[in-house]
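Here is a short briefing to read alongside the model. Have the sequence and the 3D view open as you go through the points.

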There are 2 protein chains.
Amino acid sequence: MRAVLINTGTELLLGDVHDAHLAFIAREIFPLGLRIEERRTVPDTDAIRRTLAELFPRCEILFVTGGLGPTSDDITREMVADALGLQLRGDPQLLTSLQQRVQTYGIKWMPRIARQAEVPAGAQVLPNETGSAPGFYLKANSNPRISSPHLFVLPGPPRELQPMFRMFALPILRSIVQMSGLIERQLYSITGMGESVVEAAIGNKVLAIPGIELGYCARPGEVEVRIIGDAEAIEQADAIIRSALGYSIFSIADETLEEVVVKLLAKHNQTLATAESCTGGLIANRITNVPGASVVFIAGYVCYANRAKGDMLNIDPALIETHGAVSEQVARALTEHARACATSDYALATTGIAGPTGGSPEKPVGTLYVGLAASGSDTIVKRFFFPTDRETFKHLAAQAALDLLRRKMLNSAAGHSERRRGAP
Amino acid sequence: MRAVLINTGTELLLGDVHDAHLAFIAREIFPLGLRIEERRTVPDTDAIRRTLAELFPRCEILFVTGGLGPTSDDITREMVADALGLQLRGDPQLLTSLQQRVQTYGIKWMPRIARQAEVPAGAQVLPNETGSAPGFYLKANSNPRISSPHLFVLPGPPRELQPMFRMFALPILRSIVQMSGLIERQLYSITGMGESVVEAAIGNKVLAIPGIELGYCARPGEVEVRIIGDAEAIEQADAIIRSALGYSIFSIADETLEEVVVKLLAKHNQTLATAESCTGGLIANRITNVPGASVVFIAGYVCYANRAKGDMLNIDPALIETHGAVSEQVARALTEHARACATSDYALATTGIAGPTGGSPEKPVGTLYVGLAASGSDTIVKRFFFPTDRETFKHLAAQAALDLLRRKMLNSAAGHSERRRGAP
């Protein structure tokens with residue numbers, strides 16, 4: 001079955017907001033054997049109706065997002081009704097629940113809020129449990145005089161669309177789709193290797209497997225490899241990829257690097273502290289985005305100013321004076337002092353030059369030192385060079401630090417089990 | 001002139017990556033009087049050729065992104081050549097610069113890298129100064145036998161596309177477009193008010209102005225209002241919006257809240273420290289994303305564990321025992337101690353329950369206290385309630401904290417100038 005997505009919203013085309021729905025819906029429908037074949041983004045104008053009419057004959061399932069709210073530029077509901085030749089009708093139950101919601105949140109009632117209680121005749125309401133505008137579903141050919149696909153009309157805010165999609169749209173989709181169950185998919189998240197190097201290591205061998213689809217996606221500090229095929233092809237490709245990439249694969253479950261690190265720490269009952277200069281709290285922020293981080297994360301020292309390095313972590317000003325704040329010596333002191341102050345098992349430290357200013361010939365913008373202190377091990381300090389924009393630099397620096405810790409934990413665990421097995 | 005964007009990439013339609021090009025290109029071309037009328041996202045298949053052919057007669061300017069890299073799923077260059085009936089030709093100069101690049105970065109040369117030196121006959125190369133794959137431009141009707149728009153073919157990675165677009169595509173676009181110079185645009189970034197409240201305050205009055213276009217965009221903790229029209233209409237609408245929304249407008253220059261806060265601090269030569277529990281470093285991270293933050297940001301205490309609150313900021317364990325870590329009293333102590341430890345002019349503190357676990361009947365998930373200490377002022381502590389997912393909670397909490405500081409600085413500045421003018 002062909003599925004297509006229309007994102008409505010002038011704000012999307014003006015660049016005022018980024019769309020998150022394509023990625024979300026694509027991932028949710030993949031297990032049903034469905035893929036988005038095409039996505040179109042159109043403004044809040046008559047273009048919505050024209051696009052609906054153009055796509056009706058081209059797909060069996062059509063998702064439409066946005067434009068269901070109370071403001072005057074929210075016209076999707078009218079455009080859909082129009083394209084299908086259906087009347088909009090006020091739903092009394094929806095109106096009551098809107099009135100209750102407004103009361104609960106202490107919002108002043110305004111007539112325009114009531115527009116959100118209207119749906120095209122024959123539509124099934126998709127309740128909105130996290131916002132006001134409901135979505136709706138119209139089965140294929142709802143108006144017998146107009147050929148149309150199954151139509152899911154969903155609200156714009158991701159925090160409203162996402163629970164609605166999972167709770168109310170997916171069950172309908174499951175009943176529509178005859179699942180073949182034959183096609184599988186596997187993702188590998190890789191760090192520490194570039195895209196070309198990854199392809200050189202696995203490309204030809206994987207593509208030699210009949211019926212495999214192979215894709216790459218490069219992001220700052222990460223490469224994602226995607227294989228799609230039947231179970232046998234996936235198994236063969238999986239063996240090739242794991243043997244070629246080894247520890248560079250940090251997840252096969254679409255986890256973030258920080259999720260992997262938090263899980264590894266939790267698994268070994270170990271704790272972490274951070275001393276961040278150039279990453280300015282990004283490592284702590286990424287770690288604490290992971291539910292359950294409080295079990296493993298003790299403290300983050302964002303010692304941004306030089307005097308904060310002294311005040312927070314007793315870094316000797318003479319050390320900074322002699323070697324500079326961006327140096328192997330200061331990275332070492334930061335990570336060791338952070339581990340001591342927080343009495344944690346591990347500590348990570350970053351010091352570098354994020355730019356755009358602050359570089360010098362010996363230490364240009366992009367210079368980075370990452371330190372890792374671990375109980376019972378020698379401190380590691382690595383130098384990196386990421387000459388890029390400020391936010392990408394911070395991301396790559398956090399990525400390098402988290403990956404240093406991940407590899408250290410994997411090596412320690414491997415070492416322990418080696419020793420337990422009596423190996424050298 | 002009608003401009004359309006095609007994003008190519010199976011990874012986009014599978015939800016493995018988010019597109020950033022629409023927003024970037026839309027904002028870059030707006031000052032030339034151009035808007036993206038439609039955006040299509042298509043997979044790395046023959047759909048690229050079909051979509052090109054379908055859109056050729058529908059626009060005067062066509063942007064195509066992605067699929068120019070060295071891997072086997074990069075087929076955009078071939079599809080474009082095919083759709084236009086043009087041959088691909090190796091460009092010797094491009095080949096040399098690719099070889100140099102590979103040498104500089106110490107990458108192993110692979111034959112597939114050379115594909116990136118091919119462009120359709122007659123194309124103008126758009127050099128890639130931050131990556132390997134060049135882009136190219138083909139003027140309208142490059143092949144006289146096929147009617148086609150001006151065509152800009154650009155690489156997928158944003159950090160390659162963006163500088164290329166600014167340096168090489170924009171000058172060509174300027175020469176193509178006859179600028180009318182009549183339409184202007186103004187954005188207002190608002191925090192502390194919901195979308196419906198904003199519309200109730202300004203909607204009818206602004207829409208009564210002839211020729212004005214008004215749009216809203218709601219994001220967690222922010223509403224963006226956009227007006228488009230001629231200079232006179234913009235001026236009238238601007239007066240209405242400023243008078244109705246006042247201090248709730250934090251930027252009219254598309255700045256982030258953290259940029260505004262850093263600029264205000266810098267303007268008044270003041271410094272900031274943070275003590276973050278539930279936001280886990282997000283405030284420090286947002287602040288340090290702003291170039292020049294090092295002038296105003298001293299230190300961030302990410303005191304995540306209770307014992308870190310004691311170790312880092314001397315919070316009395318008895319205070320936590322008596323009132324709980326998530327309490328008005330602990331928020332007050334955190335912010336005051338952070339300011340004292342960092343000897344900064346201001347300090348912000350957060351403590352709350354991000355969830356998904358950790359709530360109780362008196363303090364459910366979503367409970368937040370934000371503290372603000374300022375030299376020469378009483379400490380402020382405010383309670384908020386944001387019952388949502390973990391990352392949105394952190395974002396809303398950081399937003400509330402930054403906005404508390406922003407309003408305090410504006411009020412202080414207003415108070416100072418009032419006093420200077422002899423007002424009470």
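Just past α11(A), N314(A) adopts a positive phi of about 55°. Keep in mind that this is a predicted model.

- Helix α11 of chain A spans residues 306–313, and its buried residues are A308(A), K309(A), M312(A) and L313(A).
- Viewed down the axis of α11(A), these buried residues fall within an arc of 105°, so they line one face of the helix.
- From chain A, the cover over the buried residues of α11(A) includes β13 (272–276), β14, α12 (317–323) and α13 (328–342).
- Chain B contributes to that cover too, with β14 and α13 (328–342) among the elements involved.

*Strand pairing across the chains*
- Strand β14 (residues 297–303) of chain A pairs with strand β14 (residues 297–303) of chain B, antiparallel and over five bridges.
- One of the residues to look at here is C303(A), whose bridge partner in β14(B) is A299(B).

*The contact between the chains*
- Chain A puts 72 residues into the contact and chain B puts in 70.
- On the side of chain B that touches chain A, 35 residues are nonpolar, 18 polar and 17 charged.
- The copies meet through the same surface, because 100% of the interface residues of chain B are also interface residues in chain A.

*Symmetry*
- Chain B superposes on chain A by a rotation of 180° with 0.0 Å of shift along its axis, at RMSD 0.1 Å.
- That is the relation of a two-fold axis.

*Domains of chain A*
- Chain A divides into domain 1 (3–176), domain 2 (184–251) and domain 3 (257–419).
- The C-alpha centres of domain 1 and domain 3 of chain A are 45 Å apart.

Note on methods
Residues are numbered from 1 along each chain as its sequence is written. Chains are lettered from A and ligands numbered from 1 in the order in which they are written. This is a predicted model: local features need pLDDT of at least 70, side-chain atom pairs count only at pLDDT 80 or more; totals for chains, interfaces and linings use all residues. Two residues are in contact if their C-beta atoms, placed from the backbone, lie within 7 Å. Ala, Val, Leu, Ile, Met, Phe, Trp, Tyr, Cys and Pro count as nonpolar, Asp, Glu, Lys and Arg as charged, and the others, Gly among them, as polar. Two strands pair if DSSP finds at least two bridges between them. Helices (H or I, at least four residues) and strands (E, at least two) are DSSP runs, numbered from the N terminus. Copies are superposed by least squares on the C-alpha atoms of residues with pLDDT of at least 70 in both. Domain bounds come from an automatic or database domain assignment. A residue is buried if 20 or more other C-beta atoms lie within 10 Å of its own, exposed if 12 or fewer, and partly exposed in between; C-beta atoms are placed from the backbone. The arc is that of the directions from the helix axis to the C-beta atoms.
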